[in-house]
Amino acid sequence: MAKPAPIATKTKQIVLWIGANSGGVSKTTLAIHIAYEMACHGLDVAILDLDTNVSMAQFSGLSKNPPWEETISYVLSDEFSGNWPLVTPSWGNPNGKVEICRGGPVMVQTGLELALKKRREYILQDRLTDFPLPHQLVILDCPATLGSLNDVALAVSTHLLIPVELTPKSLSGCDALLTWYRLSCKEMRLNPPPQILGVVPARYNQEESIQRDYLKLLPQMLGGQNIHCYPFIRYSREFINASERGIPLPLHRKSHKACQDFLPICNDLIASLRDN
Amino acid sequence: MGKATRNADFFSLSQQTAELESAQERIAELEAFNQQLQTLVGTQVSSHAKNAITVPITSIVRDPEQARRWFDPEEQAKLTAAMREFGFRGRLWVRALPDSKYQLVAGERRLRSALAAEFTEVPVEILDIDDDLAIVLSLLENLQRVDLNPIEETQGILRLLSRRLQCSVAEVTSLLYRMKNQQQRQEEPTLEESQAFATINQVFETIGRISWMSFITMRLPLLNFPQEILDALQQGQIEYTKATIIARVKDEQPRLQLLQDTIANNLSLSEVKLRAKEIKPSRIPSLQEEFKQVIKALPKALKDPRKAKAAQALLEKLKQLVDE
């Protein structure tokens, strides 16, 4: 008798762009926790860090000063020959595996050099076509500035996840990001364009009335564009404490309520992988 | 909420971009469809004179029989906005009437937007076509409505077929079922039938959004919905998705009640589903009827290997029971 279909086959890979147009809205936190949760479900996840900061290395407990050959900058260079410099953090084998390709300050230079390359926006897409990664989920952690590195990420992604903080600054930034997304998809002739998985309110602090109000209003604000609004990821200083130890929250405080906050997103990703 | 109402207008820029995008898509769609119609007219009225001019918008009259009942006001507003921005695209199709008037053949939606955008003149193409072709073209254009629900679409296609085949809608339906049966049983059609089948094929190719076979199996049954539900759909009182749920309620009284409540209170789809589930049939079905129902639903369930395995075990038990 036929077995039920496996969750994912090699033919389907989700490339998830996590991006924002304002800093400090939990992009890296989301990337790490989604990756960990998905790996707990038995899926293999690669995180490609395109950000110029070192929060990915800090949050995952990896060295913040890797040699150039161990960064995504090397992957995007002409010297790359197909050997992806992926490293597994100490917590990266819960069931499936989490592997990380680090970015960091080298990406500033890479971003500038992109301007001289042919097919610059498609460079990562070309790398993944020529040297495919076997992971079912590839997460792109992107800089908070809309520029060349985000064009690169947009061109290769299948899904977008947009964290926002419930503040005027972050919401306005999200508006600009969505406008950039629409115009860039058209300019780069992305067909089909990556799908917006949703906007997720992060660092939600129930104590602040402005955040409570915006939380109520957000689905309505996004409804006009048919964009899904996820339940919030709550603010907790335990996230900071976990990042200090370089591990995800479930390993730092197993029964912390915030651990559950990532599930709706992960369930959608799993459903989407299963669809195929 | 706090001391003052919060400003929630953070997404106006991306909202505008999205709206513009969908308006442009709609224009592209209309242009593509226009091309399709051009080809059709090209093949069917090639010998007739075509005439492209600009006429005062007030000289265009709509065919009262072909006027659409309902347009989605939001879609219409988007098209109007796009027209203000980009001008009038394409040409309306008209037929010449006496006294320098023109009867609209295709382009009702664009005409409405042109009026709303206060255009005084619009480009038209004057087609020298007979009543019959005018109706076919109108129907075809109607079928491209973005807000057409499956029942309206089904009725439209049937009307179009009845025009092209020169027979009543009832005759079209029986012809379609014959076509399906003959295909499935691999029978030879008569000469008359094969001509009709060729026309039907051609119509579905022109419409291009549904095959004739799935039209027969998926769409024709929709017309067996209870009349009050068809009426409510026709008048745009309920959404199609809700209608399909309500139609499944067998008993008339609770069905009417649910329909009324849905319209009056604008119940959500999940509320409608819940209410429909709560309605129990007034007569308890016999064991035999229940068996029939289960067996009817069985083939779909058997596709799930886990269920198939369980069903097999039950089947063995039933066999034993019968043999006792």
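This text walks through the interface between chain A and chain B, then turns to one helix of chain A. The model is predicted.

Start with the extent of the interface. On one side stand 17 residues of chain B; they are in contact with 22 residues of chain A. Together the two chains bury about 1,800 Å². Carbon and sulfur atoms give 65% of that area. On the chain B side, three residues lose the most area to chain A: B:Arg6, B:Phe10 and B:Phe11. Together they account for 40% of what that side buries.

Now look at polar links across the interface. Five residue pairs are in polar contact between chain B and chain A, both residues at pLDDT 80 or more. One salt bridge is found across the interface. The side chains of A:Arg182 and B:Glu21 form a salt bridge, at 4.0 Å from N to O. The cut-off is within 4 Å.

Which helices of chain B each supply at least two residues of the side that touches chain A? They are H1 (12-44) and H14 (305-323). H1(B) gives the most, with eight residues. By type, the residues on this side of chain B divide into seven nonpolar, seven polar and three charged.

Finally, turn to chain A. Helix H7 of chain A covers residues 168-187, 20 residues in total. From its first C-alpha to its last, H7(A) reaches 28 Å. That is close to the 28 Å expected at 1.5 Å a residue. After H7(A) comes A:Arg189, with a positive phi near 55°.

Note on methods
Residues numbered from 1 in each chain as written. Chains lettered and ligands numbered in written order. Predicted model: local features only at pLDDT ≥ 70, side-chain atom pairs only at ≥ 80, totals over all residues. Heavy atoms only, no water. Contact = heavy atoms within 4.5 Å. Buried area = accessible area lost by both parts, 1.4 Å probe. Polar contact = N/O pair within 3.5 Å; in protein donor to acceptor, adjacent residues only side chain to side chain. Helix = DSSP H or I, 4+ residues; strand = E, 2+ residues; numbered from the N terminus. Nonpolar A, V, L, I, M, F, W, Y, C, P; charged D, E, K, R; others polar. Expected span 1.5 Å × (residues − 1).
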